[in-house]
Amino acid sequence: MAPPKGLEFLPVLEKNLGGRVTAREGLAADVPTLVTDAASLHETARFLRDDPAAAYDLFLDLASADLSRLPGAQAPKTGERFQANYILYSTKRNAHLRLKVNLPEKEPSVPTLTDVWPAANWFEREAWDLMGIDFKGHPNQKRLLTHGGFVGHALRKDYDAKQRWLCTEEDLLQTELAAQTDEPSDMFETTTLNFGPSQPATHGTLRIVMRLDGETIVAAESECGYLHRCFEKMSEAHTYSQVFPYTDRLNYCSPMLNNNGYARAIESLLGVTPPPRALAVRTILGEFSRVMDHLVCLAANLVDIGGLTNFWYAYQPREEIYSLLEACSGARLTVSYGRIGGLAKDVPGNFVPWCREIIKGTRERISDVETLVTRNKIVWNRFRGTGVVTKEQALAWGFTGPCLRASGVPFDLRKDQPYEWYGEVDFDVPVMTEGDNYARYLVRVEEMKQSLRIIEQILDKLPGGPVRSDDYRVILPPKEMVYNEMEALIYHFKLVFEGVKVPPGEIYSATEGANGELGFSVISDGSGFPYRLKVRPPCFPLFAAFEKIIKGGMVSDAVATLGLLNIIAGELDR
Amino acid sequence: MAARVVTLKVPETTWAESIYLVEIVKGLARTLGHFLKNLTNMKGLPTIQYPEMLRKYSGRFRGRHILKKREDDTLKCVACYMCETACPAECIHIEAGEHPVLAYEKYPTVFEIDLLRCVYCGYCVDACPKDAIWMTRDYELSFFDRKSAVLGIPELTEKPSDTSQGGPGYGYRPYEGESPMKKAGQFEPSGLPLLPALLERGVAINRMPPPPPKPPAPSASPAAKG
Amino acid sequence: MKITGPSLPIAPGKIAPPIAPGVPSTGGADFLTTKLDVAVQWAQSNSLWPMPFGTACCAIEFMSVVSSHYDLARFGAEVVRFSPRQADLLIVAGTVVDKLAPVLKKIYDQMSEPKWVISMGVCACTGGFYRAYHVVQGVDEIVPVDVYVAGCPPTPENLILGIMMLQKKIQSGELARHREAKTFVPIRVGEDPVTAIPAYSNAVMAHVPGRHALPGMPPSAEDEATPGGKREMDAEIAAARGRENP
């Protein structure tokens, strides 16, 4: 029988591995799924990466899950409790894949995939930290997001969400640093520099410990988790719509994009489509958020290398976009404007002319920044040729977003798998081949201009109509109906007390965040609370690769690179 | 309607850019231009001179909460716990008590919001079935200690100063203009004028103490302003 | 921790010794000292040098405060110093997690007196809506906080109001007496379900003056014995005050 769509290579794979790999049926909106076991995982992974019919060169995510509390039909087989879901992507075939492995309750372990996809390194560390899955052969299986004194695996269902542990010490990371240098750990020749977590140039709570020979970095080890706010555990304790305020605070520089991504994931799981006006407004505000994020990235980075004026120029359009977001939603930064099935409220009456004014002002300020920066010799010396990431390295390290496009891979979810209104507009996706900091700078500036172009096109044809779906099982009905009809009143009560009852299922849904692919893996169990919500943060692989990018360079280049990778700690650590 | 991939090229360095002096002049011209423009147009400066100037926030701003009252000065809130359930931060604490007027059934004996836990998401306003909790545009919420940030019923109840001239004004609210409850003709017991009829019909039992003398009606300050 | 200062009785007309290093005294002093205090307090309050300990979204709002729309420079607080040695106002902007707690403590300790702390945003004040396994439920578990600024994130005006309130407090001379670290008072809004961990106890935080165990917790044997425990501190302060006001 014909293999399922997207899995044309499956017969060859099945022949190689016998019956140890099978396809799994899922929702139409979900990515295709293969199920295998821990013993065949490594071979399957190699095949998936190397076979030209499969060609999954990008490792996106590792979503681990503890299935012990799933009810009824979804409950795992006896003895099995954990699950590891590897999300992969093929840039050649524009196809996602989920590779699922079921693991036993006692000592769940799988072989590491870091030799197949180096990007898997930190994802596996996180799965060990939060879920307790052991990865055999992992080079450094240590806690990543929680601190060294933490006991237990936090995302397991039997871990009490409120149990905290004291942290009194910081880890000096000397063993890892010593492992990276060829010489014996000779502390007298090199200096150890602790960069972060309270450091202005890290733009957030990131930490890199470096060994310097003069100013050259001979070894570097990065550490994150200094803003691990337990988003995933919190989302299990709140209803689907109560998770929206939490998503705002993921990438807090572009809040609307997170709302959009999450809403899209749940709507796909439910099979609900918001009305066209809601999608158009989501796209417009999402693109404004993207502009905001790129502005803050450039502003902060240019401050680091000494161009302070650009900070004030870049913040001016941000304030205007804040006013717009505040008039739509009620808050400047943490908007919580999206709802499952549409938006919280309709946009104000003067939305279209206001947006056009903002676009005009933003274009002027971008031009200001460009005049000062783009042909500036100092910037050229700082940015050209520093922080170089080749195309193969970018793919191996799991990059997505502007950093991947600056290295030569034209992967943009808005172009490759359009959603919302991206299929209805013309825009350019800028790509460069050099892969250095200057390339990332140019790509971001061009993306901002293209975002403004997208917004203008949608403003020209903004549809009328409602912004909230009329399916009141998922969205609160309007107050007029609540007071007039008994049914609407019951929907209102049920939605507040029980939440949106999402039918049992699983989905991986991705949108193009400002830094790359923002993915949500959701497992629902039929109740109003998400069973498992995993976020694929776009800057996680970027920061994981940072220590490799800066090795051999100088400290000042490291600062420039870190800024242009645009690591947002809220998203990195969740 | 499509997306196009465009490969950007690094611009060529010109001789003028290499010696850098020309770029300095160009950059300075841009910044000096802004400086002179601001000097000659002080009114156009973007700086909002807080506290003398206040930024005009929209009518949907999510600030401090208020509890609305009916026409007879009782709180609209019937202690149904919807806002406490809808709140993602669990910052609302309500204790219900039986209201002497049977038609009102319940009222909150304790209604506390911890402003230092609240994330100002507005979900309580969305959830309330009686339109009893609104948000104002009051954002001036700084405290010297944590205890003073827990607001109880006296602090939360709507006061005339909230909507008068110079007050913060209403922000995020469940409706603008006329109440949909009124438009729907829903029976919203608005108190004492109806009470004799209710008593006559045997629907209500009056256990209330006699009402306080009514203060003089406030002069022209429409509630739906802003 | 011993309190430094002379232990001789004070003759009238002389300037009283500081109660703690770097903190001007206001007890029983003469005209010159009072005027000097007023001048010093005026100068301190109008030239606060903030150290933004920015972690999350509130840091972005802090960046808006120092930008042109709100301009903290009008209050003398433009000189944002990322080195605690050069700053006197620690603005904790954003969520502090357990992994970051020792870092915050270290930064606070590295600041020299006089220093003040503003806790910006509900995550820093109470943990906000992150009642979770890795989030500190309010930075006053670790450092004494002077002003709590509510909001998620607070509007820039609210932060400016917080700074203005702090300025008033400095000018009133209230902070001249040696401040005790505020203890973490669990606010009972209903049942506050967050379990206070028997964590940041005195033995660990021994070098924060006046820091004592969480209320409701029996003082441990360590607390009694550790120098710098509350009892010893109170006795020393009382002794110093007794010397000033015989």
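Tutor: What follows covers two interfaces of chain A and then one helix pair. Keep in mind that this is a predicted model.

Start with chain B. Here 44 residues of chain B are in contact with 46 residues of chain A. Several elements of chain B give two or more residues each to its side, among them β1 (3-7), α2 (21-40) and α7 (180-183). By class, that side of chain B has 27 nonpolar, nine polar and eight charged residues. A strand pairing also links the two chains. Strand β13 (residues 427-431) of chain A pairs with β1(B) in the parallel sense, over five bridges. At A:V431, the bridge partner in β1(B) is B:T7.

Now chain C. This contact takes 37 residues from chain A and 35 residues from chain C. On the chain A side, α5 (231-236), α9 (309-329) and α20 (569-573) each supply at least two residues. The largest share, four residues, comes from α9(A). The chain A side divides into 17 nonpolar, eleven polar and nine charged residues.

Last, the helix pair. The axes of α18 (residues 540-550) and α19 (residues 555-565) of chain A come within 11 Å. They cross at roughly 155°, which makes α18(A) roughly antiparallel to α19(A). The crossing is right-handed. From α18(A), the residues A:L542, A:F546, A:I549 and A:I550 take part. They meet A:D557, A:A558, A:T561, A:L562 and A:L565 of α19(A). The residues of this contact divide into seven nonpolar, one polar and one charged.

Technical notes:
Residues are numbered from 1 along each chain as its sequence is written. Chains are lettered from A and ligands numbered from 1 in the order in which they are written. This is a predicted model: local features need pLDDT of at least 70, side-chain atom pairs count only at pLDDT 80 or more; totals for chains, interfaces and linings use all residues. Two residues are in contact if their C-beta atoms, placed from the backbone, lie within 7 Å. Ala, Val, Leu, Ile, Met, Phe, Trp, Tyr, Cys and Pro count as nonpolar, Asp, Glu, Lys and Arg as charged, and the others, Gly among them, as polar. Two strands pair if DSSP finds at least two bridges between them. Axes are lines fitted to C-alpha atoms, for helices over the stretch in contact, and angles run from 0 to 180 degrees between N-to-C directions. Angles under 35 degrees count as roughly parallel, over 145 as roughly antiparallel, 65 to 115 as roughly perpendicular and the rest as oblique. A crossing is left-handed if the near helix is turned anticlockwise from the far one by less than a right angle, and right-handed if clockwise.
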